[in-house]
Amino acid sequence: MFTLLRKWIGINLDDLLLCGGVVGGLFLLVQIIIGCVMRFGRPETSITLSGILLPAAAAFLLLAVTLAHVMISFPMMLQMGQSRRWALGITLGAVGFETAFTIALTALLTWVESTFSPALWQWLSGARAVVLGDGLLSSPLPGSGGVLFIEDFSISWWLFLLIPLAGVAVGFVMGAAIQRFGNRATWIFWAFFVLVGLAPQTVPSYAVVQRQELLYSLPILGAGCLLAGLVWSVWSLLHAVVRS
């Protein structure tokens, strides 16, 4: 299996290039924009965004990549004569490798921004000093002329990992559902996302406490549904129909 997995990863190197290109390109775009603002605007405040933007971008990328693997790569391996168990194992191995690469790149670029960007922004803005915040600073302190305040909007490390992994899980469930039910599954997911998005707004305004409890319970409900969907997806793919 490992030999076939290695070959399959090599065949799908374009997925790594896609993930690396989008994540790296977004990082460079953010740095160029902030750098231009520092150079020409000379503001007294700035923010680090990679710790938020890159995990979100990684989640959408990994969702799309995982969806493609389940919908295209998995059936292709079945048509090539591989068993369902082997095909699923190779698919999960390829997804896992691409997920690890994307998360590692996201973490590396976030570290690069937090480590090197403040000094670069200080030089571009001509500030005499830099003060790092934790996302709570809203304005420079009185009498702090020439000091650049940088607010860090990075998320916790567990969310940094959880958000991309959630994208992988959603892509896996969506791919398995579409593989079994066809385009009808897309309407089911569309209706589910609409209901989730509209649920807080449907609660009457006078039921504030109940509305807050609903908002707090949505992540737990979503996690439970996603876990159940993963279990079903594995079962469904192991009993997938081979289509010619």
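1. The chain contains 7 helices and 3 strands, where helices (H or I, at least four residues) and strands (E, at least two) are DSSP runs numbered from the N terminus. Followed along the sequence, these elements come in the pattern α-α-β-α-α-β-β-α-α-α.

2. This is a predicted model, in which local features need pLDDT of at least 70 and side-chain atom pairs count only at pLDDT 80 or more, while totals for chains, interfaces and linings use all residues. Residues are numbered from 1 along each chain as its sequence is written, and side-chain values use heavy atoms, with hydrogens and water left out.

3. Of the chain's 244 residues, 37% count as buried; buried means under 20% relative accessible area, exposed means over 50%, and partly exposed lies in between (1.4 Å probe, protein chains only). Among the contacts with a separation of 6 or more, 73% come from residues 24 or more positions apart, a contact being heavy atoms within 4.5 Å.

4. Helix α3 (residues 50-79) and helix α5 (residues 157-181) have axes that come within 7 Å and cross at roughly 25°; the axes are lines fitted to C-alpha atoms, for helices over the stretch in contact, and angles run from 0 to 180 degrees between N-to-C directions. This makes α3 roughly parallel to α5, since angles under 35 degrees count as roughly parallel, over 145 as roughly antiparallel, 65 to 115 as roughly perpendicular and the rest as oblique. The residues making the contact include Leu 62, Leu 63 and Thr 66 of α3, and Ile 163, Gly 167 and Phe 172 of α5. They divide into 18 nonpolar, 5 polar and no charged residues, where Ala, Val, Leu, Ile, Met, Phe, Trp, Tyr, Cys and Pro count as nonpolar, Asp, Glu, Lys and Arg as charged, and the others, Gly among them, as polar.

5. Asn 12 sits in the loop between α1 (2-11) and α2 (13-41), and with a relative accessible area of 11% Asn 12 is buried. Apart from neighbours within four places in sequence, Asn 12 is in contact with His 69, Ser 73 and Glu 98.

6. Most residues other than glycine have a negative phi, yet Arg 42, which is not a glycine, has a positive phi of about 50°. Arg 42 is partly exposed, at 43% relative accessibility.

7. The structure holds 0 disulfides, a disulfide being a pair of cysteine sulfur atoms within 2.5 Å. Cys 36 is partly exposed at a relative accessible area of 39%, and Cys 225 also counts as partly exposed, at 37% relative accessibility.
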